[in-house]
Structure formats: structure tokens, C-alpha cells
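Dear colleague,

I am passing on the structure we spoke about, together with some notes on what turned up in it. Please look through the model first and then read on.

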Amino acid sequence: MKNIVVLTGAGMSAESGIATFRDSGGLWAQHRVEDVATPEGFQRNPQLVLDFYNKRRRESLLAKPNNGHIGLVEMQHEYNVQIITQNVDNLHEKAGSSTVIHLHGELMKARSSINPDKVYPLDPLNPDINVDDKCEDGSPLRPYIVWFGEAVPLMAEAEEIVRRADALVVIGTSLNVYPAAGLINYVYAGTPIYVIDPNEVSVSRGKVHFIRKGASEGVAELKGLLKEQFEHNKNKQ
Ligand code: APR
């Protein structure tokens, strides 16, 4: 089976009712990144940070996968589909995708403030992290989120997966945040890249097919394009 690697961002979950970050009215128009998405912000005001993520966790628990997520699951019948997501919701898993890497953490987990490897699943029935909650090492529990200024531990694994891609699909990310945005540079020259986004996204690589649509419609169109791509290659051999 061909390896289809899919890099997703907030736009993937937009049709499930989850806000993006940089669209007008997005999360970063309402909150300061420094306050809610940095380790310094957490030190300064843990309650503010916990409230922000508790709210997002509760929203994501109610959200349902959209036809884009479901379309990617259907593709597993024909391809080896590996998802690398910047999203912290679990909608890819809820839809049934079997291989998902979360580059920026997961809302449904908590971790120690001093040891990034001490990670705990949160209870969907009692999902909030409270300001007095402590890890067993005595440090405050914090959201299992990779904040700005922190290392992205799964990058090396993600780079390796992208290197093996027969096609790279980028869905719903403005490609503003590094190192995740740099992953597109790890595909081999000549590997087709498909970008699904209703808005313009700048990608400085050769062979890019832009699908200017939302995730649901875009994934439906992608299926046909991949078929053409690989059948075309077969005919050439
Ligand atoms: N379908 C597909 N894409 C969409 C849709 C949709 N229905 N609606 C909006 N988009 C696109 C926007 O046009 C934009 O290009 O989704 C993209 C969202 O971009 P951002 O808000 O910048 O989100 P993302 O790229 O995922 O952000 C990366 O930034 O703050 C951090 O850690 C956070 O993981 C996040 C990272």
C-alpha cells in the first residue's frame, strides 16, 4: 500500500465546531498566546491557563468528527494513512484513524510540571485540571500541551514518517508554527503534496496541488486525485 501522510491543523476540526487559532475571531484573537500557551504564563497565572484548557477540553468532548475525519478513515482501505496532527482534540481517533501522532499534545491528558514523561489520562466524566491538583512527584499537574518555547518531542518520529511518504496531504493549517510547518520539507523531491484549505496557504515546494475547500469537501476530492496520481504512475511504469 502507498504511504499517505496527512499533516492536519485546526482547520481539520473547524467543521466539528472547534475554533481555529489565526482565522478572524480565532482563539488567538481572544487570548494572548503569552498568557495561556507558554510555561511562563502557567507560572504567572495557573488558574487562567487551566480555565482556558478546561474549557477547550469540555468543548472537544462534545465535538463529533466531521466528514473530513471520516473520509481519512475510509482511505485506510486503500492506503497506509498516517496522520500527524497539530490538534490537541481526539477527533481523528474518535473517527477511527489508526495511526495518529499528536505533535502538540493532547487535551485528554495531564502531565507533571517538571517531568514531561509523567503523563496521565484524564477522566472524560471529570475532565478538569484544578489548580491544587498535584502529580505524584509533587509538582502541579498541567495540561499535556506543547506550549510555545517548548521542545516538540515527537518531531524526529514525524520527520521519519514524512520521509517515507508517497504523498503528503496538508489539511487546515496555516503553516505558521515551527517546527511542525517545516515537516513539508522532509518529503522527497517529486513527492506530490496536496493542500486542503479554503484560504490561501503559502507553501514553498515544487509539486503542490491546492484544493481550496473545507476539510470535508476537500478530502472527498482528494480521494479522486490520489487515485489518478497513482494510476497515472502505474501506467508510466
Ligand atoms: N477546512 C479546512 N481548513 C480550514 C477550515 C475548514 N473548514 N476552516 C479554516 N481552515 C484553515 C484556515 O484557513 C487556516 O489556514 O485552517 C487553518 C488554521 O490555521 P491556524 O488557526 O493557524 O491553526 P494551525 O495551523 O493548526 O495552528 C498551529 O498554532 O497556536 C498553535 O499550537 C497551536 O497547533 C496550533 C498551531
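Across the interface of domain 1 and domain 2, two residue pairs are in polar contact, both at pLDDT 80 or more, whereas the count of salt bridges across that interface is zero. Please bear in mind throughout that this is a predicted model.

As for the two parts themselves, the chain is divided so that domain 1 takes in 1-18, 65-104 and 152-237, while domain 2 is made up of 20-62 and 109-145. Domain 1 gives 12 residues to the contact, and domain 2 gives nine residues. The centres of the two domains, taken over C-alpha atoms, are separated by 27 Å.

The area buried between domain 1 and domain 2 comes to about 780 Å², with 58% of it given by carbon and sulfur atoms. On the side of domain 1, Ala10, Ile18 and Val88 together supply 42% of the area that this domain buries against domain 2, which is more than any other three residues supply. The residues with which domain 1 touches domain 2 are, by type, five nonpolar, five polar and two charged.

The model also holds a ligand, and there are 22 residues around it, of which Arg22, Thr173, Ser174, Asp197 and Asn199 come nearest. In the side chain of Ser174, an N or O atom is 2.5 Å from an oxygen atom of the ligand. Taken on its own, the ligand has 740 Å² of accessible area, and the protein covers 92% of that.

Notes: Residues numbered from 1 in each chain as written. Predicted model: local features only at pLDDT ≥ 70, side-chain atom pairs only at ≥ 80, totals over all residues. Heavy atoms only, no water. Domains from an automatic or database assignment. Contact = heavy atoms within 4.5 Å. Buried area = accessible area lost by both parts, 1.4 Å probe. Salt bridge = Lys/Arg side-chain N within 4 Å of Asp/Glu carboxyl O. Polar contact = N/O pair within 3.5 Å; in protein donor to acceptor, adjacent residues only side chain to side chain. Nonpolar A, V, L, I, M, F, W, Y, C, P; charged D, E, K, R; others polar. Near = heavy atom within 4 Å. Areas by Shrake-Rupley, 256 points an atom, 1.4 Å probe, with all protein chains shown as cover.
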